[in-house]
Amino acid sequence: MLPRYIRIFDTTLRDGEQTPGVALTAEDKLTIARQLDNLGVDVIEAGFPITSKGEVEAVKLIAKDCLKVEVCGLSRALKSDIDAVIDCGLNSIHLFIATSDIHLKYKLKMSREEVLKKALEALDYAKAHGLTVEFSAEDATRTDVGFLKEFYKALCDAGVDRINVPDTVGVMTPKRMYDLICELKKVVYRPLSVHCHDDFGMATANSLAALEAGAEQVHVTVNGLGERAGNAALEEVIVALKLIYGFETNVNPKLIHQTSRLVSRLTGIPVQPNKAVVGENAFAHESGIHTHGVIAQPLTYEPIPPEFVGCERRILAGKHAGTHGLKAVLSQMGLELSEAQVKEVLARVKELGDKGKQVTDEDLMAIARVVAGELVREDRVLNLDELAVMTGNKVIPTASVKVFIDGRDYVASKTGVGPVDAAIKALQEVLNPVIKVNLREYRLEAITGGSDALAEVVIKVEDDEGHIVSARAAREDIVIASVEAMVNAINKLLLRKRIAGSRG
Ligand code: KIV
Ligand code: ZN
């Protein structure tokens with residue numbers, strides 16, 4: 001038997017954009033749409049055209065971009081909304097109207113009969129305009145099941161193309177979702193889809209339960225973005241479908257990691273480090289027992305091979321580290337040490353960890369060089385030559401930097417929300433021709449008190465290949481400490497690139 005094929009309906013650009021604090025420009029939306037097209041999802045919900053002019057502009061841009069994927073727009077069961085979708089040049093629509101008694105009484109102030117009538121009128125109107133129609137009964141999972149079946153059956157009889165079951169406020173459990181889909185399957189004879197929210201942290205589990213029960217399509221968002229606690233995460237659903245259930249999708253899992261990073265960068269919503277599949281720690285190992293196991297045989301502690309989702313394993317040095325892991329980390333840095341030296345480095349790393357210090361890559365490099373008896377000389381590809389910052393209550397904070405790389409000077413200026421932001425942006429700009437970097441984490445710690453306090457900045461920086469390094473710097477001046485920490489981290493990334501290059 002061929003594996004079952006599951007359709008992936010991505011709503012990152014619609015429900016995902018409803019994440020509090022997220023507002024994408026039309027260009028950003030187009031960039032994400034192109035990435036989703038390459039990723040291989042079956043449908044992209046590009047937006048909710050009636051909401052704003054900017055939304056219309058974005059959806060139009062996506063609609064005329066000749067993507068392979070089906071592009072649809074969201075619409076209430078209203079002619080004005082449907083016209084807005086048609087005006088964007090789309091031929092697929094996601095219609096919705098609420099059906100639960102709570103929504104009918106307090107929001108729509110309509111009877112069940114009125115809602116069904118409105119839904120059928122909207123479906124007729126959309127079909128008369130040649131649209132492919134997916135219909136959602138909003139708050140389906142809190143709707144009386146008898147009425148829900150009647151509602152969906154009527155839509156099927158009236159020619160709907162797909163039926164979607166939204167768990168609008170994420171109240172389902174996997175068992176209840178499984179049973180509901182089995183019940184609905186008795187009357188729904190069009191492809192059935194689910195749309196799960198994560199209010200109780202069960203969006204992925206509920207989506208998978210629906211698919212197990214026979215649903216043919218699932219709504220997802222990249223990084224689990226979406227209204228309130230978000231939607232089922234694309235990356236979790238895809239990986240579980242393939243590796244746990246053996247179901248097929250059209251998604252190329254190798255593009256998952258870069259898609260997650262792109263969406264995080266454009267939406268400004270960081271991915272939590274311990275997020276399944278795409279979190280920074282999803283393939284990181286620190287404890288001695290785990291690193292030993294994973295180096296001997298990755299299957300010991302890696303249920304998902306990192307390369308399956310376009311990621312790399314990371315072995316970290318910290319207070320829980322063991323010699324095997326540390327040796328691997330040092331070797332990645334281009335340092336081959338004897339057994340005794342590795343043990344000595346490990347002892348010092350643990351000492352630092354026990355003092356509550358995060359051991360940065362830079363710290364590790366410095367310790368290893370001391371233990372190896374080398375002159376403690378920093379390998380620097382990048383040198384900060386000049387830094388000038390202008391700030392005040394009547395000026396836009398602006399920073400200029402001049403750096404020296406491989407015998408060449410590079411200069412750039414940038415503005416920012418504050419002097420640190422401006423300086424870091426200027427540094428990113430100046431390095432663009434050499435390396436593209438993103439600031440993943442920034443921590444400022446005042447080590448001493450008073451206005452002349454020594455500020456310690458600890459940062460994590462990621463390059464465009466997904467390599468992350470940490471570094472620190474301490475100065476009385478926060479801006480200089482921030483830029484120096486950034487320069488230190490970028491030096492590690494450049495060095496790493498060179499070592500990898502020289503190893504072929
Ligand atoms: O969660 C929800 O109910 C929705 C609808 C618009 C389908 O996003
Ligand atoms: Zn939703």
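**Figure 1. Polar contacts and the shell around ligand 1.** A polar side-chain atom of Thr168 sits 2.6 Å from an oxygen atom of ligand 1 in this predicted model. Arg14 also places a polar side-chain atom by a ligand oxygen, at 3.0 Å. For His195, the distance from a polar side-chain atom to an oxygen atom of ligand 1 is 3.1 Å. A polar contact is a pair of N or O atoms within 3.5 Å; within protein, one must be able to donate a hydrogen and the other to accept it, and residues adjacent in sequence count only if both atoms are side-chain atoms. How much of the accessible area of ligand 1 does the protein cover? The protein covers 93% of the 260 Å² that ligand 1 has on its own. Accessible areas come from the Shrake-Rupley method with a 1.4 Å probe; for residues, only the protein chains shown count as cover.

The shell consists of Arg14, Asp15, His94, Phe96, Ser136, Glu138, Pro166, Thr168, His195 and His197. A residue is near a molecule or strand if one of its heavy atoms lies within 4 Å of it. By type, the shell has two nonpolar, five polar and three charged residues. Here Ala, Val, Leu, Ile, Met, Phe, Trp, Tyr, Cys and Pro count as nonpolar, Asp, Glu, Lys and Arg as charged, and the others, Gly among them, as polar. Strands β4 (92–98) and β5 (132–138) each supply at least two residues of this shell. Helices (H or I, at least four residues) and strands (E, at least two) are DSSP runs, numbered from the N terminus.

The model is predicted: local features need pLDDT of at least 70, side-chain atom pairs count only at pLDDT 80 or more, and totals for chains, interfaces and linings use all residues. Residues are numbered from 1 along each chain as its sequence is written, chains are lettered from A and ligands numbered from 1 in the order in which they are written, and side-chain values use heavy atoms, with hydrogens and water left out.

**Figure 2. The zinc ion (ligand 2) and its protein donors.** Which residues supply the donors? They are Asp15 (OD), His195 (NE2) and His197 (NE2), at 2.0 to 2.1 Å from the zinc ion. Donors are N, O and S atoms within 2.8 Å of the metal (3.2 Å for Na, K and Ca); water is not among the atoms, so sites may look incomplete. Along the chain, the donors follow the spacing D-x179-H-x1-H. His195 is buried, with a relative accessible area of 5%. His197 is buried too, at 4%. Buried means under 20% relative accessible area, exposed over 50%, partly exposed in between (1.4 Å probe, protein chains only).

Figure 3. Helix α14 covers residues 361–371. Why is α14 largely enclosed by the rest of the structure? Nine of its eleven residues are buried. Among them are Leu364, Met365, Ile367 and Val371. Charged residues such as Asp361, Glu362, Asp363 and Arg369 are buried as well. Ser470 belongs to strand β16 (residues 468–475). Its relative accessible area is 7%, so Ser470 is buried. Leaving aside neighbours within four places in sequence, Ser470 is in contact with residues including Asp361 and Glu362. Contact means heavy atoms within 4.5 Å.

**Figure 4. Two loop residues with positive phi.** Most residues other than glycine have a negative phi, and most peptide bonds are trans. Lys109 has a positive phi, near 50°. Lys109 lies in the loop between α4 (101–108) and α5 (112–128). Is Lys109 buried or exposed? Lys109 is exposed, with a relative accessible area of 63%. Asp406 has a positive phi of about 45°. The loop that holds Asp406 runs between β12 (398–405) and β13 (408–415). Asp406 is exposed, at 55%.

Figure 5. Cys311 sits in the loop between α11 (288–296) and β10 (314–315). Its relative accessible area is 16%, so Cys311 is buried. Beyond four places in sequence, Cys311 is in contact with His257, Phe283 and Pro306. Tyr125 is part of helix α5. Tyr125 is buried, with a relative accessible area of 18%. Not counting residues up to four places away in sequence, Tyr125 touches Lys79, Ile82 and Asp83.
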